[in-house]
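Have the sequence and the 3D view ready.

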Amino acid sequence: MVRWRAGRRTLAAAVVSVAGGVLLALPLTSARAEAVEIDLNYTCVSGPQGVAPTPVNLKVTLTLQTALAVGQPLDVRWGVAYRDGTRFLSPGLFQPGARLSATGVSGISGDLWNGELNSLGYKDQALLQNGGPIELPELISGAVSTTQAGTLELVPKKLFIDFTPPASETVVNDDDPSIGYVGSDWADYNDRAPQFKDIHEDVHASEVSGAEVSFPFTGTGVDFITEQDYRAGQVQFAIDGKPGIPATADASKDENGNPVVVANQGNHTLWGMRGLPYKQHTLTVKKLDAKWAMVDGFRVVTEQIMTPPKQLQAVCTPTKKPTAVRVTIGGGDGGGGTTPPTSPSSSGSPSGSPDPSGSTPPPSGSPSPSGSAASGSPSSTPSQSQSQVVAVVVQGSPTPTATTTVTLTATPTVAQVRVTPKGGAQTGEEPVRTSASGPLLVGSGGVMLVIGVFSGVALLRRRAAHSGDRNLTV
């Protein structure tokens, strides 16, 4: 649904003094350019590990001005809200700081520019439970400056939703049900002595060569926690079936490879690996000899993620084909235009939105972005719970033509309505009237006429009287 919204009107009065003390108030009107609001329904889906394993329905309200002076920014704003009871769901348990980013893509064509304009925004999340609802950014925005008169057509396209987990560390104890111990090779030892400093005062241990344990986790890194002991042996590590870095470690030696003389020193991080892509992995630990090996626990690490994980992205498409909106850029310096929102210094397009790497700087006399496109992710912006503009990303290359002829796309859905303030010149619309203006002018004219008549009669009488006096005294 398309709604045309008139700009605010201002009323001024010119005060005129006339004979007889009558004041006339003459209404004067001025108006700003009107804006268009487009209500759209979107449906979002993702993979099974994403934030929309079942469809999520959104209501999107697009707002932009359709008549601009040269120099005014073309600011495309997307209001985003849930349309019904469906929600984006957290793919895990996350401490505060996870971020939901939204990127709305608008296709632009015309005699000035052919490309795409991305409107971006984000919402930082509070504590998220696994499968719990995720909050949306209320508004996302993107603007491009205008430097030349002409006509553009804008069509809303896809909306991309990206989820970025926060940096975190989580320790998982050895008796967690997610850990897989092979057969009867491992024994569970509980109520360990407090001086051993074991996590929850328990461990799993084995003296069987070849005994294995597997640990599934989701993150970018993992640590193996054991007891440091002079009686321990060598173990081997693999991530997703590939050798870890390093591939082996020995709890009977220190970090320099020298034998240790201590026994039962629990909560000891023997091995760790970082820099993995954020997704689900499996760590496998295998004994290589008949000496003791103990599992005290694992540490799951998620480092700061610069690019939102692809598997967590949801793609939203309009349920009906949107109508194109025509934007006319006229003359003027644009001094009365609104200032586009300021983007944070570190920003970029979330993963999954169209790749801006192929864009070229716009030539002189063409629309140019009000902000700069930068690599990276919105997750690199300051971590505050708010909805705001993250960046302005302009796709495509502005292509001015040799004439001012409007080049339109071959679509019957182009809105052919030119919006002008009511009462403007040559609009064919009746000027806005105030209910008191007609009676005031008629009444004021009548009062002026009456006062003028009586003033004239009084003046004639005074002149006659003075004339008679002069005759008597001559």
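On a 1 Å grid over the protein atoms alone, a cavity is a set of points where a 1.4 Å probe fits but cannot get out, and its lining residues have an atom within 4 Å of a point. This is a predicted model, where local features need pLDDT of at least 70 and side-chain atom pairs count only at pLDDT 80 or more, while totals for chains, interfaces and linings use all residues. Residues are numbered from 1 along each chain as its sequence is written, and side-chain values use heavy atoms, with hydrogens and water left out.

So who lines the largest cavity? Here you'll find F224, T226, A232, G233, V235, A251, L270, W292, A293 and M294. Eight of the lining residues are nonpolar, two are polar and none are charged (Ala, Val, Leu, Ile, Met, Phe, Trp, Tyr, Cys and Pro count as nonpolar, Asp, Glu, Lys and Arg as charged, and the others, Gly among them, as polar). Strands β17 (221-228) and β22 (293-295) each give at least two residues to that lining; strands (E, at least two residues) and helices (H or I, at least four) are DSSP runs, numbered from the N terminus. In total, the protein has 28 strands and one helix.

I245 and P246 are joined by a cis peptide bond, with omega about -5°, and P246 sits in strand β19 (residues 242-250).

| Residue | Phi | Relative accessibility |
|---|---|---|
| D191 | about 55° | 72% |
| K197 | about 60° | 57% |

D191 is in the loop between β14 (187-189) and β15 (203-206), and K197 is found in the loop between β14 and β15. D191 counts as exposed, and exposed means over 50% relative accessible area (1.4 Å probe, protein chains only).

How values were computed:
On a 1 Å grid over the protein atoms alone, a cavity is a set of points where a 1.4 Å probe fits but cannot get out, and a pocket is an open set with protein on both sides within 12 Å along at least five of seven lines; lining residues have an atom within 4 Å of a point. Buried means under 20% relative accessible area, exposed over 50%, partly exposed in between (1.4 Å probe, protein chains only).
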